[in-house]
Amino acid sequence: MVEPLNKEIKRIAWGITGSGDQMIETYSILVDIKNRTGVETMVFLSKEGETVMKWYHLWDKIQTDFPNFKVDAGPNSPFIAGPLQMGYYDFLLVAPATANTVAKIVHGIADTLVTNAVSQTAKGETPIFILPVDQKRGSVKTAAPSGKAFELRMREVDVTNSEKLAQMENITVLSSPFEIYDIFGLERPTEDITVKVRERKKTKAKKETKKETGT
């Protein structure tokens, strides 16, 4: 668990990179938190993040669920570093973070929208939370967009970079997407969060249909 911010969280910035691992869980959790708290969420994607969202059939959904939506047009475009540095957002979340993104952050490279956002935010007081996908030595189970499970073997260099990331100033490394609930001080759901979000959307769609038809 991570320590909650112990403040009213009104606005957050969520950066998405090109990782499919834990993407479904992270997305479902952010939707659930938005529904429970009403937090304003600005989403920004790396160029590869856009590719992954399309591969996981989330491209249209994310623009509906999170209308404040931006795509990488350069390291500082759109300009989000300033508002992050000045505390307009209560925290910056990068989840999931690819091994490439983590390696760049650890070595001070800020040549993408996500890595530049982290680099510039770290100079201010806005907290940064990052969920690296490569944290544990050995193999991890993940799932393809089809739902088929498979295993990935972690490289030592990627795990080592995640460990170095945890030592950097103003950065907290998350071990699980469920720790995002802890930041808000929210109780974690006991049921499968992906199922919960899917069922909530079905219920909402049925209500809207009934309202439109007058039944």
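**A tour around strand β5**

Start with β5 and strand β8 (residues 171-173), which pair in the parallel sense over 3 bridges. This is a predicted model. Within this pairing, select Phe 129 and look across to β8, where its bridge partner is Thr 172.

Next, select strand β4 (residues 91-97). This strand runs parallel to β5, and 4 bridges join the two. Show Ala 97 and Pro 132 together: Ala 97 stands opposite Pro 132 of β5.

Now colour β5 itself (128-132) by accessibility. Is the strand mostly covered or mostly open? Mostly covered: 5 of its 5 residues are buried. One side carries Ile 128, Ile 130 and Pro 132, the other Phe 129 and Leu 131, and both faces are covered.

Lys 123 is exposed, because its relative accessible area of 60% is over the 50% cut-off.

Helix α6 (residues 113-121) comes next, with 8 of its 9 residues buried. Among them are Leu 113, Val 114, Asn 116 and Gln 120.

Finish at helix α7 (residues 156-165) and select Asn 161. Is Asn 161 buried or exposed? Asn 161 is buried, because its relative accessible area of 6% is under the 20% cut-off. Leaving aside residues up to four places away in sequence, display what Asn 161 touches: Val 102, Ala 103, Val 106 and His 107.

Technical notes. Residues numbered from 1 in each chain as written. Predicted model: local features only at pLDDT ≥ 70, side-chain atom pairs only at ≥ 80, totals over all residues. Heavy atoms only, no water. Buried < 20%, exposed > 50% of the residue type's maximum accessible area, 1.4 Å probe, protein only. Contact = heavy atoms within 4.5 Å. Pairing = 2+ DSSP bridges.
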